[in-house]
Amino acid sequence: MNDFEFGQYLRQLRLSKGLSQFQLGKLVGVSDKAVSKWENGISKPKAGIILKLSGVLSVSTEDLLQEMFAEKK
């Protein structure tokens with residue numbers, strides 16, 4: 001999975017919780033611009049943020065990491 005595909009996965013999770021980028025950012029301690037960069041494949045969240053994302057989005061850290069580092073198709 002490339003960065004954009006991970007970003008779309010993250011976006012789907014965020015929307016399923018009814019959160020805006022701003023709200024998600026606030027919950028995990030980053031700006032809405034950081035969330036936007038993740039969702040657009042520009043950057044990836046750091047390890048500590050992955051832990052926070054998993055809690056907020058009700059998904060395991062393993063699932064997030066698998067999506068983040070899966071081989072490109």
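1. Exposed means over 50% relative accessible area, buried under 20%, and partly exposed in between (1.4 Å probe, protein chains only). Helices are DSSP runs (H or I, at least four residues), numbered from the N terminus. The model is predicted: local features need pLDDT of at least 70, side-chain atom pairs count only at pLDDT 80 or more, and totals for chains, interfaces and linings use all residues. Residues are numbered from 1 along each chain as its sequence is written, and side-chain values use heavy atoms, with hydrogens and water left out.

2. The buried residues of α2 are L24, G25 and V28. They fall within an arc of 100 degrees seen down the axis, so they line one face of the helix. The arc is that of the directions from the helix axis to the C-beta atoms. This buried set packs against α1, α3 and α4. G29 follows α2 and has a positive phi, near 85 degrees.

3. Which residues touch the most other members of the largest nonpolar core? They are L24, W38, L53, L57 and L64, out of 17 residues. The elements giving two or more residues to this core are α1 (3–16), α2 (21–28), α3 (32–39), α4 and α5 (61–69). A nonpolar core is a set of buried Ala, Val, Leu, Ile, Met, Phe, Trp, Tyr and Cys residues joined through side-chain atoms within 4.5 Å. Leaving aside neighbours within four places in sequence, L24 is in contact with R14, L19, V35, L53, V56 and L57. Contact means heavy atoms within 4.5 Å.

4. The length of α1 checks out. Its 14 residues should span 20 Å at 1.5 Å a residue, and the end C-alpha atoms are 20 Å apart, which agrees. The expected span is 1.5 Å times one less than the number of residues.

5. Buried in α1 are F6, G7, Y9, L10, L13 and R14. They cover an arc of only 160 degrees around the axis, which puts them on the same side of α1. Their cover includes α2, α3, α4 and α5. The face turned away from the buried side carries exposed Q12 and S16. After α1 comes G18, with a positive phi near 70 degrees.

6. Now the α1 and α5 pair. Their axes come within 8 Å and cross at roughly 145 degrees. Axes are lines fitted to C-alpha atoms, for helices over the stretch in contact, and angles run from 0 to 180 degrees between N-to-C directions. F6, Y9 and L13 in α1 meet D63, L64, E67 and M68 in α5. The residues of this contact divide into 5 nonpolar, no polar and 2 charged. Ala, Val, Leu, Ile, Met, Phe, Trp, Tyr, Cys and Pro count as nonpolar, Asp, Glu, Lys and Arg as charged, and the others, Gly among them, as polar.

7. F69 is in helix α5. It counts as exposed, at 55% relative accessibility. F69 and D3 are 66 residues apart in sequence, yet 8.6 Å apart in space, C-alpha to C-alpha.

8. S54 lies in α4 (residues 47–57). Is S54 buried or exposed? It is buried, because its relative accessible area is 11%. Beyond neighbours within four places in sequence, S54 is in contact with V59, S60, T61 and L64.

9. Check S58. It sits in the loop between α4 and α5. Its phi is positive, about 55 degrees, although S58 is not a glycine. Most residues other than glycine have a negative phi. S58 counts as exposed, at 54% relative accessibility.
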